[in-house]
Amino acid sequence: MIMVQCVFSNRASLRLQTCAKCFKQLSKTKLLNSRTNNTCINVLQYRELTIYSHSRSWDNQHTSYVNVKQKQLRYASTDVSKENRFLYRGDLKDANRILVKLGSAVVTREDECGLALGRLASIVEQICELQKQGKQMSMVTSGAVAFGKQKLRREILMSQSVRQTLSAGGNSMAPFLEPRACAAAGQSGLMSLYEAMFAQYGFKTAQVLVSHRDFQNEFTSNILQQTLHELLYYNIIPIINMNDAIVSPPEMSSDGISNVKDNDNLAARVAVKMNTDLLVIMSNVDGLHVNPPEVEGSRLIKTFSPKVDMENVMFKGKSNVGLGGMESKVMAATWALDRGVSVVICNGREFRALTNIVDGKSVGTFFTNAKSSNSPVELEAIQAKEASMKLQSLNPSQRQEIIERLSQLLIERRDDILAANRRDLLQAQCEGLSEALISRLELTPSKLQTLSTGIKQIADSSLQTIGRVLQTTEISEKMTLKKLTSPIGVLLVIFESRPDCLPQVAALAISSGNGLLLKGGKEAYHSNQMLFSLVQEALGLHNVTNAVALVSKREDIEDLLTLNDFIDLVIPRGSNSLVRTIQQQSHGIPVLGHSEGICHVYIDSDVDHEMAARIVEDSKCDYPSACNAMETLLINKCHMTSGLFEDLCDVLKSRHVRVYSGPRLHSLLKFSPPLASSLSKEYSDLELTIEVVDDVSEAINHINTYGSSHTDVIVTEDAKNADKFIEGVDSACVFHNASTRFADGYRFGLGAEVGISTCRINARGPVGVEGLLTTKWILEGGGQTVRDFNEGTFKYIHSQLA
């Protein structure tokens, strides 16, 4: 152990014991060291000083733990400049000092007598998690009245029981319980409960009781401020409450808010006094609605700008168990916001609401002074919706011109693109990304040339995309019905690693007249930014740059997935975990994609050995990280003695492919490859599983059981077996004597793809322009009505026209 002595401002020196490992970490921080009276003075070059010192680690490697954090060199001023405010939800992850207000409806049971212990325990756990992360947490809490009511009611009922035994006919009804008496009786119990809860996580608490008089003059207000800062200084969590045992009428202050009318106003006052970054007001509603939540059609306001949106909100009534209704909360939040404190009003009963808010997720109503109440991603979605209408109104030759220009720019700016890509590759290597991810990330001159050629194909086909007549029906005399192709609307495409997806998807969206929101992986940041600038330049030819937007923050995805008024289809391109996450988080927006690419190649009994070897090698080794790469090789049992099995293993070994065996192959060989962990494994690398089957029927059963309905291949000279395989395998792509790698939009002649879909609604397989179109019906009549047909004036013909 090493002794560290620090002096903070004019305070007494603080001695900390730390292990050698932690001291080494401390020495790496940017500390300004000087000597004063043989004492080391360490001053962080930040607003607050944080020292982490171990005399006990959480993994029990040390004996005790001292976490002296966020020490202020001077008490902070209550003034916060406008530049320091958090304008968007994503900024909240940088909030350091957080005040949590727990309303009566959050801490009180449904019977309004006693506390909701499970709910409180969850909130305490979240506060402790944030405290351990280095945040400075404090609380304003209700609950003393409910806690005291439970205690007093028990005492009254017990005493009534005694009286009833002495005199029959006594009144068994409990008298009205005075709230001030309940508060006095419950305050100590409430604090004992909190103290026990926080102690489970190693944190101390302190009770601070206040009234409106504490804010009436500067002296008492400053004393309160200093007390709270002292508690934060020593890593103690302040628990603040209005002294409900002694209540006097509130007085309106000169700035237009009651000093302490309820805990909402108290929380706002304390938040400003403590120079808090974020105030979270927890209630029993999800946030602020345009109308009271019980009113039909009432809508939750995700982001609220008081200066813009206040007149659009209607308030009603107070809380059933507390003093403050929604109007009180909004007034308090607005008052705090005007003084530099960000505010979120949320439902305290929602699972992990507090930590999700600090993570920047869309929980509750976020109060902001941003000029627009819409977040940046909401604005991008709205603009994409508007621009998609303008894109559709362009004539086909104009859309073609935009796509052709993009194709040209990929060649003209090749050096700039490759330079940006090299920055991403270098960063990926430094961060230790796998070879498979780096392979997906890398752009080469040949890749760019192929990309440009594919986009040129999309341009050539875009003249007959929107408004193409698919079907014409003569309904009756002088009544014709047409079925036309039409854009879906706005697409959200989320892709990982592969920056070449960006121009491909952009070209497909432009051709189909869809607005587009793109979210690429952070590992391809510089490449994506460069390619997106080319898309913007091409769209600028006809002033539709807003039709395509690039979303930069990962946390924005969750917000986008709630915008079902503006986004019509989500297409995730990436790992199975990404696709599943998007499917779970999507709020009513359809998701098109595949979760896994478990592709099979089955080698039938009657087969050309050389052809089989070439197809197997290409399917696995051409691009092993692609979703259409082979992951399982199925071999007919006859080839265990024909020599083909050994030949295939030699080919795979020469390409450094690691082989795993299925259960049956493992049992047949004395010295078999390692047993595969799963027959539904997507390796996305130079690895694969080999399994033995009896015949084509068993191969079909295996694929339908363990496959992902992506791409599966039979290699055979037997036409009947080929037909049986094609009919029996339930996959988006089924091939005969061809590599799985042909499952690709470019190789299918689609120019490019937004992804490969394994679902059965809309597009299936490689999704090109056709998969991004829907249809609409156009009926041209001559004044007919349904009544005319019912009365026999007209008759239905329903004749299909050319």
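**Entry 1: ground rules**

I am working with a predicted model, where local features need pLDDT of at least 70, side-chain atom pairs count only at pLDDT 80 or more, and totals for chains, interfaces and linings use all residues. Residues are numbered from 1 along each chain as its sequence is written, and side-chain values use heavy atoms, with hydrogens and water left out.

**Entry 2: overall make-up**

I looked up the secondary structure and found 26 helices and 30 strands. These are DSSP runs numbered from the N terminus: helices are H or I with at least four residues, strands are E with at least two. The protein has 802 residues, and 51% of them are buried. Buried means under 20% relative accessible area, exposed over 50%, and partly exposed in between (1.4 Å probe, protein chains only).

Next I checked contacts (heavy atoms within 4.5 Å). Of those with a separation of 6 or more, 72% are between residues 24 or more positions apart. Accessible areas come from the Shrake-Rupley method with a 1.4 Å probe; for residues, only the protein chains shown count as cover.

I traced an open sheet of 8 strands with mixed pairing, in the order 9-10-8-7-11-13-14-12. Two strands pair if DSSP finds at least two bridges between them. Strand 9 (204–210) and strand 12 (303–304) each have a single partner strand, so one side of each is left without a neighbour in the sheet. Strand 12 pairs with strand 14 (365–367) in the parallel sense, over 2 bridges. There T303 faces F366 of strand 14.

I then went to strand 11 (278–283). Which of its faces are covered? Both are: L278, V280 and M282 are buried on one side, and L279, I281 and S283 on the other. In a regular strand the side chains alternate between the two faces of the sheet. With 6 of its 6 residues buried, strand 11 is largely enclosed by the rest of the structure.

Strand 11 runs parallel to strand 7, joined by 5 bridges. V100 has V280 as its bridge partner there. Strand 11 also pairs in the parallel sense with strand 13 (342–347), over 6 bridges.

Helix 6 (218–233) lies across strand 7 (97–102), strand 8 (136–141), strand 9 and strand 10 (236–242). I noted its angle to strand 10 as about 145°. Axes are lines fitted to C-alpha atoms, for helices over the stretch in contact, and angles run from 0 to 180 degrees between N-to-C directions.

Strand 23 runs parallel to strand 24 (687–693), with 4 bridges joining them. V659 sits opposite L688 of strand 24.

**Entry 3: salt bridges**

I counted 22 salt bridges. The rule is a side-chain nitrogen of Lys or Arg within 4 Å of a carboxyl oxygen of Asp or Glu. Side chains of opposite charge can pair when their charged atoms come close.

R468 is partly exposed at 25%.

R573 and E753 form a salt bridge at 3.9 Å, N to O. R573 lies in strand 20 (569–573) and E753 in the loop between strand 26 (733–736) and strand 27 (755–757), so the pair ties together parts 180 residues apart in sequence. R573 is buried at 10%, and E753 is buried at 7%.

R741 bridges to D622 at 2.8 Å. R741 is buried at 7%, whereas D622 is partly exposed at 43%. Salt bridges that share partners also join R405, E412, R413 and E537 into one network.

**Entry 4: a surface patch**

F742, F748 and L750 form a nonpolar surface patch with about 260 Å² of accessible area together. Patches are made of residues with over 30% relative accessible area and no salt bridge; like charges are joined within 9 Å, and nonpolar side chains (Val, Leu, Ile, Met, Phe, Trp, Tyr) within 5 Å. L750 is in the loop between strand 26 and strand 27, and is partly exposed at 31%.
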